[in-house]
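Subject: Structure handover

Hello,

Here is the structure I promised to pass on. Please have a look, then read my notes below.

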Amino acid sequence: MAMNGKFFEAHQAPAIREQLLGLDESKAAVVQAISFKDPTMILIVSLLAGSFGIDRFMVGDVGLGVAKLLTCGGFGVWAIVDLFLIMGVTRQKNYELLQQTLAY
Amino acid sequence: MSGRKGKLYTTLLAISAISGVWLLFQQIQQSTRGSLAFGVCFFKQVTGQPCPACGTTRAVMSLSSGNILESLCINPLGLVAMLLLSIVPLWIVADLICKSDSFYRFYRQAENLLKRRYIVISLIIIILANWIWNITKQL
């Protein structure tokens, strides 16, 4: 949890902690192995290649990534908007991935 | 409308609307002034080189005058954009009217398909090739 804290939204942390505490050995190993996306890294990608939609592709929003690429970062506007949104989106996607893994 | 589907539909409709307005604006510009208005490419401003999507607007305008070949020569992505812009909003509206989620399901399947390794690599190669072509054409 200490290691992975930055991958999730602050308000999600307590709930995640609860879930992790209740895990058995085999599940814990699977969770450890998940590779989450680093919000800061994605932000850097967004800064450098936001107009190409690469940040969206990296968080898994393929459709939106295509739209972003075709419109050259939404005429520049979307690229700027995403600079603010993308870290939150990354954390949300990480959370969903965790929940998905825990559900199995 | 459930959360995720609602967000997706809203986002895509908004993008379609803004793209439509942009194209309309360009169309008016072209008929009154004879040329396109300002370019919006951040990449081009900074590096001076065209980006993969450079010329998409011009390509779509060409298509709307019926010039398919010319459009493809300017930027093939224009054809892709035109197709998406025609089909996606209509499909979403149809879904909203019929209270179905056929587009949402299609979208999810398409996303999963596009994530496959060989598809990703092929698409990247195609986009890069188109980009290089753009640069040689000095769009």
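One pair to start with: the side chains of A:E96 and B:R4 form a salt bridge, 3.9 Å from N to O. (A salt bridge here is a side-chain nitrogen of Lys or Arg within 4 Å of a carboxyl oxygen of Asp or Glu.) The count between chain B and chain A is one salt bridge.

Some ground rules. This is a predicted model, where local features need pLDDT of at least 70 and side-chain atom pairs count only at pLDDT 80 or more, while totals for chains, interfaces and linings use all residues. Residues are numbered from 1 along each chain as written, chains are lettered from A and ligands numbered from 1 in the order written, and side-chain values use heavy atoms, without hydrogens and water.

Now the interface. 25 residues of chain B contact 17 residues of chain A (contact: heavy atoms within 4.5 Å). Together the two chains bury about 1,600 Å², 79% of it on carbon and sulfur atoms. Buried area is the accessible area (1.4 Å probe) lost by two parts on being put together, summed over both.

Last, a helix pair. Helices are DSSP runs (H or I, at least four residues), numbered from the N terminus. α5 of chain A (residues 62-70) packs against α6(B) at about 80°, axes 8 Å apart. So α5(A) is roughly perpendicular to α6(B) (65 to 115 degrees counts as such). Axes are lines fitted to C-alpha atoms over the stretch in contact, and angles run from 0 to 180 degrees between N-to-C directions. A:V62, A:G63 and A:L64 meet B:Y107, B:E111 and B:L114 there.

Best wishes

Notes: Helix = DSSP H or I, 4+ residues; strand = E, 2+ residues; numbered from the N terminus. Parallel < 35°, antiparallel > 145°, perpendicular 65-115°, else oblique.
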